[in-house]
Structure formats: C-alpha cells, structure tokens
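User: Hello! I have just opened this model and would like to understand the words used to describe it. Could you take me through them?

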Amino acid sequence: MFNGNYPKLQLLNEIFIEKYPFMGSTINNGFTAFGKTWAVEVEELLAAMFATNQQLTKAVDGYVRFAMDVTRRQSRFDDACEYPQKSFNQVADEVYLNDEYMERYYLPGLLLSHMLWPHHYRQSRFFTATFLRDMEVMGAKEFVDAGVGTGFLSRLTLAACPDITGVGFDVSPASKKFAELQVANYKLLDRYQCKLLNLCTQPTKVETDWLISAEVLEHLEDPLSFLQRLRVILRPGGKGFITAALNAAEIDHIYLYRNPIEVQDQLIEAGFTIEQYQSIPAYKPRKINIPTPEVVAFIVT
Ligand SMILES: C[S@@+](CC[C@H](N)C(=O)[O-])C[C@H]1O[C@@H](n2cnc3c(N)ncnc32)[C@H](O)[C@@H]1O
C-alpha cells in the first residue's frame, strides 16, 4: 500500500477503486514499481493540471475510456496483426481536429498514461536520465518539440533547464492548447511557444541543436519523409530524441512498426546516426507469436 502525504494521488486512487474497480490496483502498482519519486511526480502533475476534484474525476473518466479503447483495439490487432487501414486525413478528422474527443479523452488519457503506464513512465525516465541530462550538462539554450501532444516532454525540458527556450509544433489545435496549458501551469510559458502546423506538409523554418519528437512516427503515412524533414531541422552536431510505438493499435496509429530495427533503418536512411536506444514492452508477452506493444526511443545525432 502506498503511503506518504499525497492528497491528489490518494484521491486518484479512490476514484479508481470506487468508479473503476477493475483498475483499482493502478496506483499501488505504480508505487510498488517506482516508489516515492514517482509518487511525488504524479502528485505535482495532478496538482498542476487538475486543481479541483471535479477536474480530476473528469480526467480519470477520459483516461479510462482512452485506455479501454486501446485494449479493445489491441485485442483486434492480436488476431489481425495489422492496423486497420486509415489515411492521415481520416485520423485528423476523427481525432486531432475533433476538439471534443481530444479534450475529453485523448489528451487526459495520454497525459495520465505518461505516469500510469509503466512502459510510458520508463520511457520518460530514459529521456530524463540520458537526453535531458545531456541538455543540462551541455547548457542547452533552445529546443524543438515536433508533435507536442500533451506537452509532457516540453514541460520536463523547460523545468530541468532554467535558461532554455523551446518551440513546439502540432497539427492539433487541442494539443497546442493543452501543451500551452501544461507549460503555463508549471509557470514556464514565458520560455515556450507552441505553433499549429502539419509537420509533413508545411515548412517549419526552424533549426535546433536539440530536437524532440516522441510518439509521432507511427501516426504518419510516410514517416521516412517526416524523418528527412527532422534531419533538416536538426543542425549538424545537434542531438535528437525520437521515439515510436511498435505493435500498438491505437485510434490514430497508421504506420505499423513491427520491431525497433524498422525504426532504426528509417532513421539511418534519413541521415541520422544512432547513439543509443531503449525499447520497452508494455507488458510480458501473453502468447507466442502475438506481438507485444512496445515503445522505442532513439538518441540520434
Ligand atoms: C501521441 S501524441 C505525441 C505525444 C507527445 N509527444 C507526448 O510526449 O506527450 C501525437 C501528436 O502528434 C500530433 N501529430 C500527428 N501528426 C502530425 C503532423 N503531421 N504534424 C504535426 N503534428 C502531428 C498529433 O496531433 C498529436 O498531438
């Protein structure tokens, strides 16, 4: 049982137990796996983003629907081993440009998943321990976040590097708004700008020494040409943190990566050099020959 003075986390635990008993062990599991550091981070995030009990309850409702949708789609994927065919425009209409869906389900779901899904949390620890540490040590002055989503990594970066400024890009007005809100709630908005842009079709006119693009590749029809665009944004000698989800059937995943090598090959073809990578499965393999969802993060130059 988790302990300590974590009023928001306590409330989150109670909401799960009372409203969604099938997820009633989520908080204890997180505390057992990741301890006090995790509890402090979750407490801070909940306090910053969901000030009232009503806001937190609404976010949990969104998260649960988001997570159940992922589970349903993954179970279909277990049979088909393919994502349903969808164009980017279809996904944009259904998800990114659908403010109601984004605000109620997708963005709270994604935000809480960064802390509550062990593979997502492990990936953010990898980001902090490697890429973000390099930024701090080397006194990074600016960064670009391509596909900000909730703004989670932008916010971690701004908080860790007190002199840094950042620019985020996203095609979704709701993501832009949510990322700005998260950054503002941590009192970091004076060093951050988020711009509405389709990174596959519109020019960014930016360059950076520090590039972040997390969980975007699998959302695209042609991730290789997106990576070629990112390669132009990253100055020679700069460093990038680029991730992808593999075998993860979510509502907006179009491009199926089956293993980390497929991502690595595209990164190399786009002109990046791999410095290191980490791949983390979502859970233990359930059956032989059924691929497990994974997240893979590459540090590239
Ligand atoms: C899973 S989220 C990214 C998660 C985010 N990096 C994080 O760590 O929270 C995917 C995001 O990519 C954005 N996106 C997808 N395709 C895009 C494109 N062509 N141009 C810009 N943003 C895009 C979506 O709107 C969505 O906000």
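This is a predicted model: local features need pLDDT of at least 70, side-chain atom pairs count only at pLDDT 80 or more; totals for chains, interfaces and linings use all residues.

User: Why does Gln74 count as buried?

Analyst: Gln74 has a relative accessibility of 6%. The cut-off for buried is under 20%, so Gln74 counts as buried. This residue sits in helix H3, which covers residues 53-80.

User: What does Gln74 touch, apart from residues up to four places away in sequence?

Analyst: Its partners are Asn247, Ala248, Ala249, Tyr283, Pro291 and Pro293. Each of these has heavy atoms within 4.5 Å of Gln74, and that is what makes it a contact.

User: What share of contacts in the protein joins residues at least 24 apart?

Analyst: It is 77%, counted among contacts between residues at least 6 apart in sequence.

User: Why is Glu41 described as partly exposed?

Analyst: Glu41 has a relative accessible area of 30%. Buried means under 20% and exposed means over 50%, so a value in between makes Glu41 partly exposed. Glu41 belongs to helix H2, residues 26-49, and touches Met115 and Tyr121, not counting residues up to four places away in sequence.

User: Is Asn289 buried or exposed, and what makes it so?

Analyst: Asn289 is exposed: its relative accessible area is 72%, and the cut-off is over 50%. It lies in the loop between strand S6 (274-281) and strand S7 (294-300). Asn289 also has a positive phi of about 75°, although it is not a glycine.

User: Where is Glu215, and what is its phi?

Analyst: Glu215 is in the loop between strand S4 (208-213) and helix H9 (223-233). Its phi is positive, about 60°, and Glu215 is not a glycine either.

User: What makes the link between the side chains of Gln266 and Tyr257 a polar contact?

Analyst: The contact spans 2.6 Å, and a polar contact needs a pair of N or O atoms within 3.5 Å, one able to donate a hydrogen and the other to accept it. The pair of side chains therefore qualifies. Gln266 is part of helix H10, residues 260-269, and at 10% relative accessibility it counts as buried. Beyond its neighbours within four places in sequence, its contacts include Pro223, Leu224 and Leu227.

User: How do you know that the radius of gyration of the protein agrees with a compact globule?

Analyst: For 301 residues, a compact globule would have a radius of gyration near 19 Å, and the protein has 18 Å, so the two agree. The C-alpha atoms fill a box of roughly 50 × 50 × 35 Å along the principal axes.

User: What else describes the protein overall, such as its helices, strands and buried residues?

Analyst: There are 10 helices and seven strands, and buried residues make up 56% of the 301 residues. The protein exposes about 13,600 Å², with carbon and sulfur atoms supplying 52% of it.

Key:
Residues are numbered from 1 along each chain as its sequence is written. Side-chain values use heavy atoms; hydrogens and water are left out. Helices (H or I, at least four residues) and strands (E, at least two) are DSSP runs, numbered from the N terminus. The radius of gyration is taken over C-alpha atoms; the globule rule is 2.2 Å times the number of residues to the power 0.38. Buried means under 20% relative accessible area, exposed over 50%, partly exposed in between (1.4 Å probe, protein chains only). Accessible areas come from the Shrake-Rupley method with a 1.4 Å probe; for residues, only the protein chains shown count as cover.
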